[in-house]
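Try each task yourself, then follow the solution step by step.

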Amino acid sequence: LLGASVNVNMDSVTEFLKLLFLLSVHNWHTAVAGNKYNCDDQLVSALPQSSFSSSSELSSSHSPGFARLNRREGAGGWSPLVSNKYQWLQIDLGERTEITAVATQGGYGSSDWVTSYLLMFSDSGQNWKQYRQEESIWAFSGNTNADSVVYYKLQHSIKARFLRFVPLDWNPNGRIGMRIEVYGCTYRSEVVGFDGKSCLIYTFNQKLMSALKDVISLKFKTMQSDGILLHREGQNGDHITLELIKGKLSLLINLGDTKTHPSNAQINITLGSLLDDQHWHSVLIEHFNNQVNFTVDKHTHHFHAKGEFNYLDLEYELSFGGIPVPGKSGTLSRRNFHGCFENIYYNGVNIIDLARRH
């Protein structure tokens with residue numbers, strides 16, 4: 001293991017920060033920041049022909065490369081060889097992108113249009129996830145003629161490189177026909193990879209800490225069903241641990257003297273399932289006084305910690321990806337995280353950015 005201790009002077013918050021790395025194999029990646037207040041650029045119109053693909057095509061003039069909004073080249077849009085619910089139109093945006101809206105048309109000057117469709121997205125082009133809204137797979141309303149544009153602002157933006165339109169229904173007097181546009185911006189993404197044998201330790205200035213507020217947010221992606229996402233140690237075995245166990249996230253809070261206050265000793269909250277699906281999942285832990293909010297993706301568990309739930313009883317050190325010293329936190333079997341973290345923030349501090357800048 002490689003150890004390094006670095007001092008970073010943050011003028012904006014006048015903090016003294018220290019980063020200690022225990023990373024045997026690490027991989028940093030940073031994408032250009034997108035403008036979060038104007039994330040509605042047209043993304044499809046400038047793509048090359050090679051960025052378009054489909055399940056099939058009726059002819060070379062109906063190929064997916066002609067599926068650009070308001071364009072009339074070829075036969076005026078994409079149509080598959082057979083119109084059924086097994087067809088799809090796919091675009092490769094070239095990099096992970098934030099997608100905020102979509103728009104569709106039918107084939108130019110034809111009887112071919114789609115009346116409803118699904119939207120799927122992926123980082124790899126192989127492992128797909130369906131866009132969901134209101135806790136269910138969302139069917140988008142499509143077109144009622146060939147040339148009117150139907151625009152849909154996504155309730156929740158998608159972060160992905162690949163996007164796939166899957167027709168569900170179409171004009172009964174025609175066939176599937178589509179022209180599309182996608183709106184969004186480059187996604188700000190700072191990612192660190194963990195190999196299952198490493199962890200990142202962040203030590204902060206205890207004098208500037210508040211006993212009343214703590215906020216941790218991150219995204220993770222993994223194919224492993226078990227692993228430590230974050231850990232914070234305290235005195236006498238007290239600790240807070242966020243751990244993936246059999247594809248579910250478990251937040252374990254073990255605070256208080258088990259001998260004098262046995263009922264206050266431990267809280268264990270589990271959220272999510274099948275989180276080892278190689279898709280990004282978001283985590284938010286908010287602590288205000290004794291109120292704790294634990295959110296995984298869009299599901300939140302609110303609870304009050306019993307007894308004296310005081311973060312000042314803990315060390316001023318957070319480890320991400322594992323527990324650095326074997327034997328800490330009792331005799332429980334712990335496995336380090338194997339996968340990727342994205343955009344780790346602790347009380348507004350960008351942890352990966354600090355690490356990347358050493």
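**Exercise 1.** Work out whether Asp92 is buried or exposed, then find its salt-bridge partner.

*Solution.* Step one: Asp92 has a relative accessibility of 17%, so it counts as buried (buried is under 20% relative accessible area, exposed over 50%, partly exposed in between, with a 1.4 Å probe and protein chains only). Before going on, note that this is a predicted model, where local features need pLDDT of at least 70 and side-chain atom pairs count only at pLDDT 80 or more, while totals for chains, interfaces and linings use all residues. Residues are numbered from 1 along each chain as its sequence is written, and side-chain values use heavy atoms, leaving out hydrogens and water.

Step two: look for a salt bridge, that is, a side-chain nitrogen of Lys or Arg within 4 Å of a carboxyl oxygen of Asp or Glu. The partner of Asp92 is Arg161, with 2.7 Å between the closest N and O atoms. Asp92 sits in strand E6 (residues 89-105) and Arg161 in strand E12, so this pair ties together parts 69 residues apart in sequence. (Strands, E, are DSSP runs of at least two residues and helices, H or I, of at least four, numbered from the N terminus.)

Step three: check the other end. Arg161 is partly exposed, at 30% relative accessibility.

**Exercise 2.** Find out how many salt bridges the structure holds, and which residues one network joins.

*Solution.* Step one: the count is eleven salt bridges. Why might such pairs form? Side chains of opposite charge can pair when their charged atoms come close.

Step two: take Asp123 and Lys221, whose side chains meet at 3.6 Å, N to O. Asp123 is in the loop between strand E7 (114-122) and strand E8 (129-130), and Lys221 is in strand E16 (residues 213-222), so parts 98 residues apart in sequence are tied together. Asp123 is partly exposed at 25%, whereas Lys221 is buried at 14%.

Step three: strand E16 also holds Asp214, which pairs with Arg232 in strand E17 (residues 227-233).

Step four: now for the network. Salt bridges with shared partners join Arg96, Asp123, Lys221 and Glu342.

**Exercise 3.** Describe where Asn145 lies and what its side chain reaches.

*Solution.* Step one: Asn145 is in the loop between strand E11 (140-141) and strand E12 (150-170). With 28% relative accessibility, Asn145 counts as partly exposed.

Step two: its side chain reaches the backbone nitrogen of Asp147 at 3.1 Å. A polar atom of that side chain also lies 2.8 Å from the backbone nitrogen of Ser148.

Key: A polar contact is a pair of N or O atoms within 3.5 Å; within protein, one must be able to donate a hydrogen and the other to accept it, and residues adjacent in sequence count only if both atoms are side-chain atoms.
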